[in-house]
Amino acid sequence: MTSPDHLDLPPLLGAAGRVRLPGSKSISNRLLLLAALADGSTRIDGLLDSDDTRVMLDALRTLGVALERGDDGSCTVHGCGGLLPVRSADLFLGNAGTALRPLTAALALAGGDWRVRGVARMHERPIGDLVDALRGIGCAIDYLGNPGYPPLAIGHGAPRLDAPLRVRGDVSSQFLSALLLALPLLRCAHDVAIEVVGELISRPYVDLTLRLLARFGVDVRVEGWKRFIVPAGSRYRSPGRIAVEGDASSASYFLAAGVLGGGHGAAVRVEGVDAQSIQGDVAFARVLQQLGADIGWGEGWIEARGLRPGVRALAGGDLDCVAIPDAAMTLAVTALFAAAPTRLLGIGSWRVKETDRIAAMATELRKLGALVDCGDDWMRVQPLADRDWRSASIATYDDHRMAMCFSLASFGPADIRIEDPGCVAKTFPGYFDAFARIAKPVPVIAIDGPTASGKGTVAAHVASALGFGYLDSGVLYRVCALQALRRGVALDNAEALAALAADLPVRCAGAGVWLGDEDVALAIRGEAVGQAASRVAVLPSVRSALLARQRSLRRAPGLVADGRDMGTVVFPDAQLKVFLGASVSARAERRYKQLISQGISITLDDVRQDLEQRDARDSNRTVAALRPAVDALQLDNSELDVEQTVRQVLQWWGRQALG
Ligand code: C5P
């Protein structure tokens, strides 16, 4: 399947709705391994279907573990009772840390002839602390590339478990989790202790591991988060059936959306996690609550309903993120909307994730205009005032969380492009569809139609009735043509005209159209400029140079845009599209009266001829040709006056706003 190389997110006005979360990645991959090593078969319900779980499933199959996928998202794993059916294999584990680390530990303890490797980034993510711990008890592991990093060759060692295993806990808690998951494989006749060296980070993930081990019959004793004792005779026994909770890290994006875009009765509810969740990242909802969000909790759900009464913006301040490293990324983006700077502390582990997340986050936040400082394990993000936001194309570094977090930037007054949106498949393949279902874009009413169909007058009236902004896109083509005529640029010189369009210093204010310091409102209305505009408008390079400028006018509370391609090209997701038409004679008559009233002398015949020529050029050009969008409502207003036409458009708008 090919995925698009970017996704443009419309600016958002609000958010509301419900999201059923996909299964937790951390739980899914742990359960798969536990079930594979256990005695008996386990049916896992709600298993996450994503790149990282597919990597684990493939690895287990390669190791000879029998698995069946159900149509209902379940997976039945026939445990190997601690004895892997295969003794040698080469495992490719992509960029899935939750597969590579525990499998490394399990294979090293099982002994055999194994190779484990991943994508290039996986080979930059440290594993030395885990390898040292395993070598320390006599496992045979060699580095096949750079020392301290995968790929690894794992051989037949002779694990001795008479002394405690020692592992560092300050780079990644996954090393400790990996050892805990693997140790019961040895079915040791005496207690086995693991001692953590250094401060243990991401404790909730270790807690998650311990809880899942307990479901498979192994109760690890914990002494002050420093010593972990796997009791004598521990072996995994299948619980028969087990369900995966919804992913609490994935919940963070929707809860944040509910805070930034909810309130006044609108809420975003995530289903699949609640206050009883065993995942550390549910604490993210409590952090939002502390910062001023209105959060509701129920059985099987959490809901964000904007800010609490009296709170105007999320509070900033220092936030200790050591327990919520993944959800903390979401806080880096919500910090743009806070009342004061936010400092995220204890995020050193970001450096060794899918990418160097501190560097990546700082770079991309700065593209939006934010002031960001960072150090080895912290980051400070200043909020962005409306006027300081910049539109940006956000790079995602093959990191699903970068892509998901930055979708929240679309609550700001700028255009957000997410590059390589398909990278979310690592943990949440349907993310952007789910996000689109709860996101309420800033509304656009697109009114297209031929010259002199009255769309400009109608659009301006509709905008003022609704309090929306108004875009007369024809003005841009006319100003571009005026400038070209004045500068003597040939009307078929695509390159020069595109450069001119890109830098056009045009500004509309009320009835005025300013080109630099000059009001050209009248100058652009002449027929010569109109004719020139329709020639310039044929050029794809000019159209694309003007595209971003038109889209940037989509700002709360809404926009009415008139032109030829508003509903087809510029705002294809417009909530209401109207195609306004009128007979040539009605249009010629109107245009004639308008020109005469402006003191421009012309004959009705000339006006009619000019209209027909422009209609033909607008309709026959190869790009953005004048035609109704498939979902446009068509209105012939030959027999209607302005007021009647406006009333009809407002009625359609009212109907669609209700529906
Ligand atoms: O609408 P108006 O007559 O002011 O537009 C001037 C010319 O600009 C049109 O004849 C058309 O060729 C071009 N135009 C366009 N696309 C738009 C708006 C105007 O091609 N969205």
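**View A. Ten nonpolar, four polar and six charged residues make up the lining of the second largest pocket.** Nonpolar here means Ala, Val, Leu, Ile, Met, Phe, Trp, Tyr, Cys and Pro; Asp, Glu, Lys and Arg are charged, and the others, Gly among them, are polar. What you're looking at is a predicted model, so local features need pLDDT of at least 70 and side-chain atom pairs count only at pLDDT 80 or more, while totals for chains, interfaces and linings use all residues. Residue numbers start from 1 along each chain as its sequence is written, and side-chain values use heavy atoms, with hydrogens and water left out. The pocket holds about 440 Å³ of space, where a volume is the space filled by probe spheres set on grid points joined across faces, edges and corners. Its lining has 20 residues, and D8, D415, R417, A548 and R551 lie nearest the centre. Two or more lining residues each come from β1 (6-9), β23 (392-394), β24 (416-419) and α17 (540-551); helices (H or I, at least four residues) and strands (E, at least two) are DSSP runs numbered from the N terminus. With four residues, α17 gives the largest share of this lining. Why does the pocket lie between domain 1 and domain 3? Because domain 1 (6-21 + 245-441) and domain 3 (444-658) both give residues to its lining; the bounds come from an automatic or database domain assignment.

View B. Rolling a probe the size of a water molecule over the atoms shows where empty space is left. On a 1 Å grid over the protein atoms alone, a cavity is a set of points where a 1.4 Å probe fits but cannot get out, whereas a pocket is an open set with protein on both sides within 12 Å along at least five of seven lines; lining residues have an atom within 4 Å of a point. The count comes to seven cavities of 30 Å³ or more. The volume of the largest cavity is about 270 Å³. It's lined by 24 residues, with K25, T98, Q174, D326 and K353 nearest the centre. The elements giving two or more residues to that lining are α1 (25-37), α3 (97-110) and α11 (400-406). Sorted by class, the lining of the largest cavity has five nonpolar, eight polar and 11 charged residues. Domain 1 (6-21 + 245-441) and domain 2 (25-243) each put at least three residues into this lining.

**View C. The second largest cavity has a volume of about 60 Å³.** Its lining is R30, G97, T98, R101, P102, Q174, S177 and L181. The largest share, four residues, is from α3. The class tally for the second largest cavity is two nonpolar, four polar and two charged.

**View D. The ligand sits in a shell of 17 residues, the closest being R478, R543, D565, D618 and R621.** By class, the shell has four nonpolar, four polar and nine charged residues. Of the helices around the ligand, α14 gives four residues, the largest share of the shell. Taken alone the ligand exposes 450 Å², and the protein buries 98% of that; the areas come from the Shrake-Rupley method with a 1.4 Å probe. Two or more shell residues each are supplied by α14 (473-487), α16 (527-536) and α20 (604-620).

View E. From P150 to P151 the peptide bond is cis, with omega near 0 degrees, and P151 sits in the loop between β9 (141-143) and β10 (152-154). The A556 to P557 peptide bond is cis too, with omega near 5 degrees; P557 is in the loop between α17 and β31 (559-563). H264, a residue other than glycine, has a positive phi near 50 degrees. You'll find H264 in the loop between α7 (248-261) and β16 (268-271).

Methods
A residue is near a molecule or strand if one of its heavy atoms lies within 4 Å of it.
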